[in-house]
Amino acid sequence: MADPVLMDEVLGARSATEFERPTFKPLTGRSIPRGEASALMQAVGQDVRVALRTPMEERVDFSGQWPQVGHYYLRDLVFGGDPRRMTAMVHRSLELTPKLTWAVVAAGAGLPGWPSVDTGSALARRTAAASTYEDRRRALGLYRRVAAPICFTVAAMVTGALWLGSPFDDEVSNEHILLETLRLLPVSWNLLRRASPEFTALDDRFGAADDLLLLPLLSHRDPALWEAPAEFRPQRWRDLDPDTHPGYLPFGHSNERCWGRHMVMPLASRMLDLLRRDGYVVSAQQTKAHVPLAGLLEVVDVRVRR
């Protein structure tokens, strides 16, 4: 569905279950309690704040294939001081198959020389507190669950912004560029709600056994909601409120916003500051790009140069 009124009613009817939360679905057959999830997000939030306080680099080589270049810049910025077995959890190749991911997790948990609890980021120190092999496997899996999405999401956002709008007008803010990028290329482009009795009362088209798929990708382009919906117009956000505009759900519904929102936006803005300062743009020779229909929506193989 993509009707903004019905989407609002569905998302407001109940909170997401543990199986509907993309980051904190059960891991290794065990639920992730909200208290544990909150502690993990507090740790990574602390690490992001430390990274954002570091002085802007005098020079960063952002040339090459995006989003890969942006992804590894973020990994090194936020988690670069962590033990290698932990930063390996953020590698993009682990997205290929779950079997590869868990093979790397198992290897990292079983290697001798487990890191001490005073090493690296707050997230790394929390991970290092695990003692048994099974606890270490789970801890590394959780490290990936919270660290990797930061890098994937921010790199996808900034790649999308470069593809849609570079070079940018000096008068347009990073915030408006990112809000408009998330309108046209929402990283989280669909929201799943499994069959639930709360939903059947909302619309007689919903059966008791029907799962519901909500599509911000479509509501973000609805001509009834947006002027010139297919055009990249970051200046439109001078007069719009992203928290209340109908059908705009890049970070979920108002009753349950994505916990990472206040991390990814500042990190993306920092990257845009560097890219804009140093004159990085999409190569003029590239006129087409691919957007795989995967769980995370991103433009891939974008060639960026100065």
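E198 is partly exposed, at a relative accessible area of 33%, where buried means under 20% relative accessible area, exposed over 50% and partly exposed in between (1.4 Å probe, protein chains only). The model is predicted, so local features need pLDDT of at least 70 and side-chain atom pairs count only at pLDDT 80 or more, while totals for chains, interfaces and linings use all residues. Residues are numbered from 1 along each chain as its sequence is written, and side-chain values use heavy atoms, with hydrogens and water left out.

## Salt bridges

A salt bridge is taken as a side-chain nitrogen of Lys or Arg within 4 Å of a carboxyl oxygen of Asp or Glu, and the whole structure holds 15 of them.

| Pair | Closest N to O distance |
|---|---|
| E20 and R193 | 3.8 Å |
| E36 and R138 | 3.1 Å |

Helices (H or I, at least four residues) and strands (E, at least two) are DSSP runs, numbered from the N terminus. R14 counts as buried, at 13% relative accessibility.

The bridge between E20 and R193 also links distant parts of the chain, from the loop between α1 and α2, where E20 lies, to strand β2 (residues 191-193), where R193 lies, 173 residues apart. E20 is buried with a relative accessible area of 10%, and R193 counts as buried at 9%. R14, E20, R193 and E198 are linked in a network of salt bridges.

In the pair of E36 and R138, E36 lies in helix α2 and R138 in helix α7, so the bridge ties together parts that are 102 residues apart in sequence. E36 counts as partly exposed at 23% relative accessibility, whereas R138 counts as buried at 5%.

## Helix α2 and D47

Helix α2 (residues 34-53) includes D47. The helix has 20 residues and reaches 28 Å from its first C-alpha to its last, close to the 28 Å expected at 1.5 Å a residue, the expected span being 1.5 Å times one less than the number of residues. Its buried residues include L40, M41, V44, D47, V48 and A51, and the buried residues of α2 pack against α3 (68-79), α6 (122-128), α7 (133-165) and α11 (261-277).

What is the nearest side chain of opposite charge to D47? It is R125, 5.5 Å away, and D47 is buried yet has no salt bridge; Lys and Arg count as positive and Asp and Glu as negative, with His and the chain ends not counted. A polar atom of the D47 side chain does, however, lie 2.7 Å from the backbone nitrogen of A122. Leaving aside neighbours within four places in sequence, D47 is in contact (heavy atoms within 4.5 Å) with V78, F79, S121, A122 and L123.

## Nonpolar cores

A nonpolar core is a set of buried Ala, Val, Leu, Ile, Met, Phe, Trp, Tyr and Cys residues joined through side-chain atoms within 4.5 Å. The largest has 74 residues, and those with the most contacts inside it are F62, W66, Y143 and V158. Among the elements that give two or more residues to this core are α2, α3, α6, α11 and β5 (302-305), while α7 gives the most, with 15 residues. V158 touches W66, A268, M271, L272 and L275, not counting residues up to four places away in sequence. Apart from this core lies another, of 10 residues, among them L6, F199, F206 and L214.

Technical notes. Polar contact = N/O pair within 3.5 Å; in protein donor to acceptor, adjacent residues only side chain to side chain.
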